[in-house]
Number of protein chains: 2
Amino acid sequence: MLLYHHTVSAPSRFVRLLLAEYGETPQLVEEMPWARRPEFMQINPAGSVPVLMSEAETGIVGAYAISEYLDETRGPIMRERRLMPGSPLERAEVRRLVDWFLSKAESDATRPIARERVFKLQMTAAEGGGAPDSAVLRAARGNVRQHMRYLGWLAHSRNLLAGDRLTLADLAAGAMVSVLDYLGEIDWGSEPAARDWYQRLKSRPSFRPLLEDRVRRVPPPSHYSDLDF
Amino acid sequence: MLLYHHTVSAPSRFVRLLLAEYGETPQLVEEMPWARRPEFMQINPAGSVPVLMSEAETGIVGAYAISEYLDETRGPIMRERRLMPGSPLERAEVRRLVDWFLSKAESDATRPIARERVFKLQMTAAEGGGAPDSAVLRAARGNVRQHMRYLGWLAHSRNLLAGDRLTLADLAAGAMVSVLDYLGEIDWGSEPAARDWYQRLKSRPSFRPLLEDRVRRVPPPSHYSDLDF
């Protein structure tokens with residue numbers, strides 16, 4: 001398996017976590033989505049990551065299609081460690097949360113921050129590179145606080161985000177948090193329940209490769225890879 | 001069943017089409033998402049539509065969770081009329097297209113146009129109502145042309161968007177097109193294959209209620225409800 005991803009893309013990290021939980025070790029290829037590389041556009045005309053090249057050499061495009069594909073093809077043999085609950089209504093709740101963290105939070109918080117602080121460093125001037133826009137950052141940071149408050153509320157009311165077992169919802173939220181934490185954007189003091197939940201999550205073996213990620217010219221804060229932060 | 005929706009929300013229209021194809025006639029409640037009505041926020045803290053109240057009186061939130069829920073609970077008895085193909089890779093392709101039309105096109109074309117031309121008429125000044133922003137409209141209209149070109153390419157290369165059978169992909173694209181067509185935003189002359197595909201789609205009985213929709217102060221062009229436009 002081969003995964004086209006970007007280091008600070010939360011949907012990409014979500015799929016890396018999923019694959020690790022399913023015991024798969026894909027080859028990783030970092031793609032700069034804004035570059036619109038012709039060979040990559042052939043595989044995904046949207047130009048976005050993640051894209052998983054499956055056994056059949058067909059590209060599976062986007063976190064939604066990939067996570068459902070993996071659940072359909074790998075889920076049943078995972079038995080009680082399956083990352084989706086059994087009942088349709090519980091599955092709907094997991095999907096609501098995945099959508100929250102990888103669509104809503106992605107578009108109003110995670111992606112704008114990743115774009116302003118990382119992508120713009122990696123882009124040429126013609127591609128839109130340059131200094132971060134402080135108004136965009138300010139708005140996105142306000143949204144980060146709201147999403148962390150909601151995550152704190154979920155982590156406080158439930159053992160794991162969608163109930164008692166680990167599901168796609170935890171990995172989606174974990175992927176988002178790990179990007180924001182890499183960039184030092186999370187105020188851990190204000191959300192103790194979210195902090196406790198994330199500490200448990202980041203000690204899973206599936207998280208280790210994410211904690212070893214480094215972006216050139218953007219070092220993470222020292223607590224980023226610390227399991228007892 | 002009860003569906004919270006908005007008339008010019010493509011994800012809401014997608015769910016209305018799905019329910020009609022599954023033979024369900026939900027009670028419809030139009031929700032103004034920007035109003036953040038407290039009773040509605042209790043059901044969906046994101047404040048967004050669509051939300052389907054199921055048999056169990058639990059809210060199923062968002063087009064992604066609802067469409068998968070309906071496929072899981074209604075799909076198997078639909079047999080060969082099921083709106084999802086049988087193989088995981090074909091299902092992945094359907095989900096890629098649903099995501100394209102209801103996430104990508106929604107955020108860069110459909111929702112900005114609906115917001116500028118309809119929501120802002122329905123909002124109070126405090127809620128952000130007022131005149132449309134012409135720069136936002138211009139950018140979104142450029143994206144509409146791109147999405148229609150891609151739709152035309154798909155409709156030209158395949159009988160239906162994800163292959164030979166009607167799937168969620170057609171209904172997702174149809175929901176998007178119907179919103180834009182209501183607002184007179186589609187140049188039908190330039191995409192004959194898309195036009196032929198949409199003409200076939202809109203003569204399905206499931207489309208009839210959408211073609212009867214009317215928004216106060218925003219009448220549709222005369223071809224909107226014409227089956228032989």
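The model is a predicted one, in which local features need pLDDT of at least 70 and side-chain atom pairs count only at pLDDT 80 or more, while totals for chains, interfaces and linings use all residues. Residues are numbered from 1 along each chain as its sequence is written, chains are lettered from A and ligands numbered from 1 in the order in which they are written, and side-chain values use heavy atoms, with hydrogens and water left out.

Most residues other than glycine have a negative phi, and most peptide bonds are trans. A:Arg79 is not a glycine, yet its phi is positive, at about 50°. The residue is exposed, with a relative accessible area of 64%; buried means under 20% relative accessible area, exposed over 50%, and partly exposed in between (1.4 Å probe, protein chains only). A positive phi, near 75°, also occurs at A:Arg217, a residue other than glycine. A:Arg217 is found in the segment after α8 (208–212) of chain A and counts as exposed at 60% relative accessibility.

A cis peptide bond, with omega about 0°, joins A:Val49 and A:Pro50. A:Pro50 belongs to the loop between α2 (38–43) and β3 (51–53) of chain A. In chain B, a cis peptide bond with omega about 0° joins B:Val49 and B:Pro50, and B:Pro50 is placed in the loop between α2 (38–43) and β3 (51–53) of that chain.

Chain A contains 8 helices and 4 strands, in the order β-α-β-α-β-β-α-α-α-α-α-α from the N terminus on. Its radius of gyration is 17 Å, close to the 17 Å that the globule rule gives for 229 residues, so chain A is as compact as a globular protein of that length. The radius of gyration is taken over C-alpha atoms, and the globule rule is 2.2 Å times the number of residues to the power 0.38. Along the principal axes, the C-alpha atoms of chain A fill a box of roughly 50 × 45 × 30 Å. Of the 229 residues in chain A, 54% are buried.

Helix α6 of chain B (residues 168–182) has 15 residues, which should span 21 Å at 1.5 Å a residue; the end C-alpha atoms are 21 Å apart, which agrees. The expected span is 1.5 Å times one less than the number of residues in the helix. Of the 15 residues of α6(B), 15 are buried.

Chain A superposes on chain B by a rotation of 180° with 0.0 Å of shift along its axis, at an RMSD of 0.0 Å. The two copies are thus related as by a two-fold rotation axis. The superposition is by least squares on the C-alpha atoms of residues with pLDDT of at least 70 in both copies.

The contact (heavy atoms within 4.5 Å) takes 25 residues from chain A and 25 residues from chain B. The copies meet through the same surface, because 100% of the interface residues of chain A are also interface residues in chain B. The area buried between the chains is about 2,200 Å², and carbon and sulfur atoms give 70% of it. A:Tyr64, A:Leu89 and A:Arg95 supply 30% of the area that chain A buries against chain B, more than any other three residues. Buried area is the accessible area (1.4 Å probe) that two parts lose on being put together, summed over both.

How values were computed: Helices (H or I, at least four residues) and strands (E, at least two) are DSSP runs, numbered from the N terminus.
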